[in-house]
Structures are given as C-alpha cells and as structure tokens.
Amino acid sequence: MSQEVESWDADLNTAPEPYVLRLYITGVSVNSVRALTNIKHICETHLAGRYSLDIIDVYQQKDSAEQAQIIALPLLIKVLPLPVRRLIGDLSNTELVLNALGLS
Amino acid sequence: MTQDTGGKAATPLTPLPKSPTGINGLDEITGGGLPKGRPTLVCGSAGCGKTLLSIEFVVRGALEFGEPGVFMAFEEKGDELTTNVASLGFDLADLQARKLLKIDHVHIDRSEIEETGEYDLEGLFIRLGYAIDSIGAKRVVLDTIENLFSGLSNMAVLRAELRRLFTWLKDKGVTTIITGEKGDGTLTRQGLEEYVSDCVILLDHRVANQISTRMMRIIKYRGSTHGTNEYPFLIDKDGISVLPVTSLTLDHPVSSERITSGISSLDKMLDNKGFFRGSSILVSGTAGTGKSSIAATFANATCLRNERCLYFAFEESPQQIVRNMQSIGLDLQRHVDKGLLQFHAARPTLNGLEMHLVAIYKLVKETKPALVILDPITNLITVGSVSEVKSMLIRLIDFLQGQQVTVMFTALTLTTVINEQTDEGVSSLVDAWLLVRDIENNGERNRGLYVMKSRGMKHSNQVREFVITDHGLELIDVYLGAEGVLTGSARVAQQLQEATGVALRDHAVSRKDREIERKRTVLESKIASLKEEFESVQDELNKSYVEEDLRKEILEKNREQMTRTRHDE
C-alpha cells in the first residue's frame with residue numbers, strides 16, 4: 001500500500017498537470033494590461049510549456065459576464081487543475097498568485 | 001422682494017417625474033411613485049419585506065406599466081426567488097420568457113476569491129448594462145448590494161465603485177431600487193444612504209407584546225412632498241398593501257339618508273327614522289346584554305335592503321354567529337349564501353392593531369359594503385394600549401365615513417356604572433351611542449337600553465327595556481314609578497298590582513253608591529212620615545176651625561130661631 005501511494009505521488013511530481021487558465025479583462029484599461037503582463041510573466045517562468053491561457057475581453061463578450069459570475073475585473077480563473085480558483089486584481093502580488101495557483 | 005420675484009418664474013415648473021410602483025397605497029404616500037430614473041434605497045432589518053417590495057416593483061412595472069425590469073439578486077438564486085414569490089401569483093419564469101424580466105443571480109464567495117492587486121467592479125457594470133440592454137429595462141433592483149462588502153475586502157475600491165454605479169444608473173435613466181440591511185445606528189450597514197440621496201424608504205417589522213406589525217416610512221424624498229408618518233403595511237396573497245391612514249381632514253361627504261336599525265321600536269327612539277347612512281354607531285354594554293344581537297339585527301336589515309355588510313368578528317366564528325342568531329329568529333345564512341353578508345373572523349391577537357386596520361381597509365376597498373360591523377372592539381385592547389386603539393378607531397371611522405360606509409362597533413363595558421366614556425374612549429368619536437345596561441332587581445337581570453347620544457336628530461331620552469325574543473329584538477317602555485325603574489317580572493308585578501288596584505277601587509265605589517242609595521231611601525221614608533205627621537196636625541187644626549164654624553152657624557141659627565119665636569109671640 002505505502003509503496004503504491006509513494007509511486008502515485010512520484011507520478012504526480014514527475015508528470016505535472018497541464019494548467020488551464022482564463023483571464024477576463026476589460027479592453028486596454030490599466031489594470032487589464034498590467035494583469036496580462038503579470039500572468040504572462042508568471043506562466044512563462046513557472047509553467048512553461050504546460051499551460052493554456054484564454055484571454056477574454058468582457059467588453060467584446062458581454063454575456064460571458066453573467067455566465068462566469070464576474071463582478072470584479074480583471075479576473076483570472078484557474079480552471080484546471082482542480083480546485084477552481086478565482087483571482088481578482090492585476091496579479092501584481094506574485095507571491096499570492098503563485099500560492100493560489102499552487103506553484104509556490 | 002427679490003425672492004418674491006425670483007419665485008414667480010415665467011417658465012412652467014415641471015414636477016419630478018415618478019415611476020408608479022403599482023403597490024397598493026405606496027403610490028399614494030409617495031405622491032405617484034418612486035423618482036423616475038433615480039435610485040431609491042429601501043432599507044430595513046432582516047425579514048421586513050425589502051425583497052418582496054422590490055420584486056413587486058419590478059413585476060408590476062413589467063405587467064402594469066410596460067416597463068421591463070432587471071432584478072439583480074445578490075442573496076437568492078433565480079429559481080429560489082421564483083418559488084418564493086409564486087405564492088403571490090407572480091410567475092417570474094413566464095415574465096423572463098416574455099423578456100419582461102431578467103433575473104441575474106450574483107454569486108460571491110470570499111473563500112473562492114483571491115485578491116491579488118488592483119481591481120474595479122467593471123464586471124458588474126458590464127453585466128448590469130448587458131442585462132438592461134437585452135430587454136430594454138426601465139427598472140432595476142439590486143438586492144442586496146451590500147453583499148459585495150462581504151465578498152470583497154477593498155473598501156476604498158468598493159465605495160468608489162458604488163458611487164460610480166449609482167451615477168451610472170442615473171445616467172442610464174433607469175428607476176432603481178437598492179435594498180440594504182439595517183445597520184447598528186445607521187440605516188444600512190455600509191452607509192449606502194450616503195450614495196443614494198433621492199429617496200429613502202425604511203421598512204420595519206416590530207414585535208410588541210408578541211404581536212408583529214410591519215411599518216413603512218419614507219425618510220426622504222428629494223424634490224417631492226410625501227407622507228412622513230409611519231404607515232403600516234400588510235403582506236398577503238396580493239403582495240404589499242400600504243395603508244395611508246393619516247388623511248384626517250374631516251371633510252368627507254355626509255348623507256342625510258336614514259336607515260333602519262332593524263328594530264322598529266329603536267327607530268322610534270331615533271326620531272322614528274333610524275340612523276344616518278354613513279354614521280358611526282357604538283353599542284356598549286356589559287357582558288351578555290345583547291350587543292351582538294343588535295349588531296346582527298342591523299346587519300340583517302342592511303342585507304334585506306340588498307346592501308352588502310362586512311362583519312368583523314373578534315370573538316365568535318361565523319358559524320357560531322349564524323347559529324346563535326337563529327335563536328332570535330334571524331336567518332343570516334341566506335345573506336351569506338347570497339354574498340351580501342361577509343364574515344371576517346379573527347382573533348385580535350392574530351395581528352397587530354395596524355395590521356387589523358390594513359386588513360379592514362383592504363376588505364372594505366374590495367367588497368364596498370354599506371355597513372361594517374366590528375364586534376367587539378374591546379378585544380383589540382389586548383393587542384394595543386388604549387391610545388393606540390383609539391387612534392386606530394379614529395382612522396377607521398374617518399376612512400369609513402369617507403367611503404360613506406356605516407359602521408357599528410360593539411364594546412364591552414367592564415363596570416356596571418354608566419361611564420361617561422367607554423373603555424376605549426371612542427364615545428366622543430361616534431355619531432350615535434347606544435348603551436345597553438343590566439338592571440338587576442328582584443333576583444333577576446333585565447336589560448335597559450338608552451340612546452346616550454345621537455348626533456343630528458331628535459332622540460328619546462328614555463330608558464327602554466330591551467327584550468330578546470324568539471322572533472327578534474323588542475324595546476318595551478319600562479315602568480317608571482315611585483320605586484324607580486321597574487323591568488322584567490317587577491314590571492309585570494307592578495302592572496298586576498295596578499290592575500288589582502283598579503278592581504279594588506271599582507269595588508269601593510260601588511259600595512259607596514249603595515250606601516248613598518240606602519241613605520236616600522231612609523231619608524225619603526223619613527220625609528214621608530213627617531209629611532203624614534204634618535197632615536195629621538193640619539187635620540187637627542182644621543178640625544177646630546170646622547167646629548168653630550159649626551158652633552158659629554149653630555149659634556146664628558139658634559139666635560134667628562129665638563128672634564122668630566119672639567116675633568111670633
């Protein structure tokens with residue numbers, strides 16, 4: 001039993017899951033641009049090659065606001081790996097972002 | 001001077017445009033509705049009806065005024081809301097399908113959210129704007145926007161964004177209701193009243209003596225006059241009803257038509273015509289004096305004229321009243337069957353006083369009766385103080401008189417002494433006051449009825465004995481004698497005694513007559529004997545006269561004889 005668990009853990013560590021991220025922004029507002037820059041930097045640094053990042057401009061897709069329960073923007077949703085996390089703000093607090101994404 | 005000329009501007013003044021809510025009574029106290037195109041804050045503690053008021057505003061707007069609405073729910077989910085208001089007959093699903101309503105549930109959970117830097121609430125704006133544009137909404141409800149404060153922690157951003165939101169809503173020209181939970185010492189927990197300055201409505205749900213009363217007050221309404229009092233309101237199957245109860249102007253129309261009380265002998269006491277239509281009548285008396293019977297008789301008479309009667313029973317159930325009145329020959333059931341007589345029975349403790357008033361008000365508006373009976377008002381004292389009951393009755397009388405509805409109250413007096421005032425102090429308010437009083441004498445109780453007052457008509461000042469018979473109520477003249485007012489068997493005994501007296505007197509008279517007759521006979525016989533005596537005396541006297549004559553004649557004869565003989569010699 002304990003061996004199995006160990007190998008499971010090892011699997012997890014050796015084969016990291018792909019990250020599915022979704023960033024909701026509002027056009028080219030200051031916060032949006034900053035958030036975009038920040039998340040790109042974080043992804044390139046910590047998740048290089050194993051992430052997908054959708055960028056949605058809520059101005060362009062207004063119905064997405066209700067579907068995704070959006071109130072505060074910019075909003076980053078970590079769809080995978082579970083659990084789903086919602087990060088609001090310009091993602092300037094890197095430590096918090098890494099924590100929330102489970103990358104610390 | 002300058003102010004005067006300034007006030008008389010040449011351009012016509014346009015009053016503040018208003019959005020009617022369609023809620024019973026609310027449009028009356030706000031003078032037409034909520035400020036159009038502006039936000040209104042509805043605040044109050046939990047369970048006071050904020051959500052219901054706002055949903056009714058949106059639904060009625062969509063159905064009655066052709067103004068679609070957006071309901072943004074921060075507390076309840078859309079389907080929960082739909083279920084909750086289904087009991088009021090609001091079909092939110094149908095309204096949504098017809099694009100008259102859009103419900104958007106905003107879900108915020110702090111545990112799911114990480115704040116990682118600067119943000120704003122642009123998402124909310126986009127979402128709301130999209131909802132408004134998708135159905136062309138004219139009305140918006142944000143229920144309860146304060147929930148944002150529990151989901152997000154950056155107060156500075158939230159406050160700035162809320163201020164922006166309200167300005168934005170004004171620019172959009174939508175009439176908005178924002179609800180807010182009552183805070184400690186402030187109207188709302190987060191001080192929303194700072195942002196919404198056009199109209200603030202406070203709802204209150206208070207419990208006194210275990211009885212709840214809902215109250216509404218318009219704290220401010222910029223640019224408009226409004227009722228400033230606390231108005232009770234009711235939530236029932238038709239939604240919210242507010243009762244504007246303070247228009248105490250005493251300028252209601254009066255009728256000089258007279259209506260019968262149903263008791264012909266009572267009508268006789270009232271100038272032979274009965275009560276005025278639209279007047280208020282108080283029947284007071286001690287327990288078991290027949291107050292309800294008088295009221296039921298009056299109701300019966302009203303129904304017989306094919307007029308509607310609304311009977312509020314606070315002590316008995318309708319079935320009980322119908323059964324009991326059969327014993328005095330009143331068939332109320334046929335009036336109930338015809339729909340002329342409507343009972344509304346409830347214990348006073350069911351509601352607060354104001355709620356009773358609202359319920360009465362609503363039923364009167366619905367059924368438009370000619371007569372309203374409250375039987376008895378005394379029981380209302382259990383749910384309010386004397387002054388509260390009095391103020392409620394004043395407003396009720398004013399309302400009913402404004403509608404030309406006759407009203408009869410019954411009131412129980414607790415003391416046997418005739419009070420100058422009834423216990424509820426309403427005797428000064430009513431137009432006519434009948435007092436039914438127990439008169440205890442000879443080991444029995446009898447009822448005496450007085451007309452204590454009756455405005456605007458000549459009325460009897462006498463006490464009548466009030467008798468309840470198998471075929472109805474009757475008033476009988478009481479016996480007033482040296483021994484005071486006699487009623488019941490004492491009256492009957494007195495009447496018997498009088499009859500005996502007559503017989504005795506008759507007897508006495510006839511005896512005296514015979515005595516006189518006898519006396520006359522005696523006298524007459526006496527007279528006869530005296531006459532006989534007189535005749536015998538007369539005879540005696542006559543006898544001497546005759547003897548004298550005879551002697552004289554004989555002497556004459558003798559002398560002639562002697563003379564002749566002498567000559568012959």
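Reply: What follows describes that interface from its extent down to single pairs.

This is a predicted model, in which local features need pLDDT of at least 70 and side-chain atom pairs count only at pLDDT 80 or more, while totals for chains, interfaces and linings use all residues. Residues are numbered from 1 along each chain as its sequence is written, chains are lettered from A in the order in which they are written, and side-chain values use heavy atoms, with hydrogens and water left out.

With contact taken as heavy atoms within 4.5 Å, 25 residues of chain B touch 27 residues of chain A. The two chains bury about 2,200 Å² between them, 56% of it on carbon and sulfur atoms, where buried area is the accessible area (1.4 Å probe) lost on putting the two parts together, summed over both. On the chain B side, Glu114(B), Thr116(B) and Ile126(B) lose the most area to chain A, together 30% of what that side buries.

Two salt bridges cross the interface, each requiring a side-chain nitrogen of Lys or Arg within 4 Å of a carboxyl oxygen of Asp or Glu; one of them joins Lys102(B) to Glu66(A) at 3.0 Å, N to O. Strand 5 (101–105), strand 6 (113–115) and helix 6 (122–135) of chain B each supply at least two residues of this side, and the largest share, six residues, comes from helix 6 of chain B; helices (H or I, at least four residues) and strands (E, at least two) are DSSP runs, numbered from the N terminus.

Strand 6 of chain B also pairs in the parallel sense with strand 4 (residues 85–88) of chain A over three bridges, pairing being assigned if DSSP finds at least two bridges between two strands. Within strand 6 of chain B, Glu114(B) is the bridge partner of Leu87(A).
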